Amino acid sequence: MQPASANWQGQPERPEWPLYLSYMELQLRELLTRYGNVFVIWFDGLGHQEKYDGLRFHTLIRELQR
């Protein structure tokens, strides 16, 4: 495992990767449902959306902030 400062591209080959994405979803759900309307969500450092299942999170954001 690498520290975040040395690994900005994620490690989708790790078995824990789906758990990380689920944790990320839980964090987004909290931000988007407990604190009112959100003007912008900025994902810093996500150069490869396919690794982070970008469509999944884009859809989630749109559904929760209607």
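Helices (H or I, at least four residues) and strands (E, at least two) are DSSP runs, numbered from the N terminus. Just after helix H1, Gly 36 takes a positive phi of about 80°. This is a predicted model, in which local features need pLDDT of at least 70 and side-chain atom pairs count only at pLDDT 80 or more, while totals for chains, interfaces and linings use all residues. Residues are numbered from 1 along each chain as its sequence is written, and side-chain values use heavy atoms, with hydrogens and water left out.

**Chain**

- The protein chain has two helices and zero strands.
- Of its 66 residues, 23% count as buried; buried means under 20% relative accessible area, exposed over 50%, and partly exposed in between (1.4 Å probe, protein chains only).
- Contact means heavy atoms within 4.5 Å. Among contacts between residues at least 6 apart in sequence, 67% join residues at least 24 apart.

**Helix H1**

- Helix H1 covers residues 17–34, and its 18 residues should span 26 Å at 1.5 Å a residue; the end C-alpha atoms are 26 Å apart, which agrees. The expected span is 1.5 Å times one less than the number of residues.
- Buried in H1 are Trp 17, Leu 21, Met 24, Glu 25, Leu 28 and Leu 32. They lie on the same side of H1, because they cover an arc of only 105° around the axis; the arc is that of the directions from the helix axis to the C-beta atoms.
- An α-helix has 3.6 residues a turn, so residues three or four places apart point the same way.
- Leu 19, Leu 26, Thr 33 and Arg 34 are exposed on the face of H1 turned away from its buried side.
- The cover over the buried residues of H1 includes helix H2 (54–64).

**Helix H2**

- The buried residues here are Gly 54, Phe 57, Leu 60 and Ile 61. Their arc around the axis is only 130°, which puts them on the same side of H2.
- These buried residues of H2 pack against H1.
- Turned away from the buried side of H2 is a face with the exposed residues Leu 55 and Arg 62.

**Segment before H1**

- Pro 12 lies in the segment before H1 and counts as partly exposed, at 31% relative accessibility.
- Leaving aside neighbours within four places in sequence, Pro 12 is in contact with Trp 17 and Lys 51. From C-alpha to C-alpha, Pro 12 and Lys 51 are 6.4 Å apart in space, against 39 residues apart in sequence.
- Glu 13 is also found in this segment; with 61% relative accessibility, Glu 13 counts as exposed.
- The C-alpha atoms of Glu 13 and Lys 51 are separated by 9.6 Å, and the two residues are 38 apart along the chain.

**Second largest pocket**

- A pocket is an open set of points on a 1 Å grid over the protein atoms alone, where a 1.4 Å probe fits, with protein on both sides within 12 Å along at least five of seven lines; lining residues have an atom within 4 Å of a point.
- The second largest pocket holds about 220 Å³ of space, a volume being the space filled by probe spheres set on the points, which are joined across faces, edges and corners.
- Its lining has 15 residues, and those nearest the centre are Ile 41, Phe 43, Phe 57, His 58 and Ile 61.
- H1 and H2 each supply at least two residues of this lining, and H2 gives the largest share, five residues.
- By type, the lining divides into 10 nonpolar, four polar and one charged. Nonpolar means Ala, Val, Leu, Ile, Met, Phe, Trp, Tyr, Cys and Pro, charged means Asp, Glu, Lys and Arg, and the others, Gly among them, count as polar.
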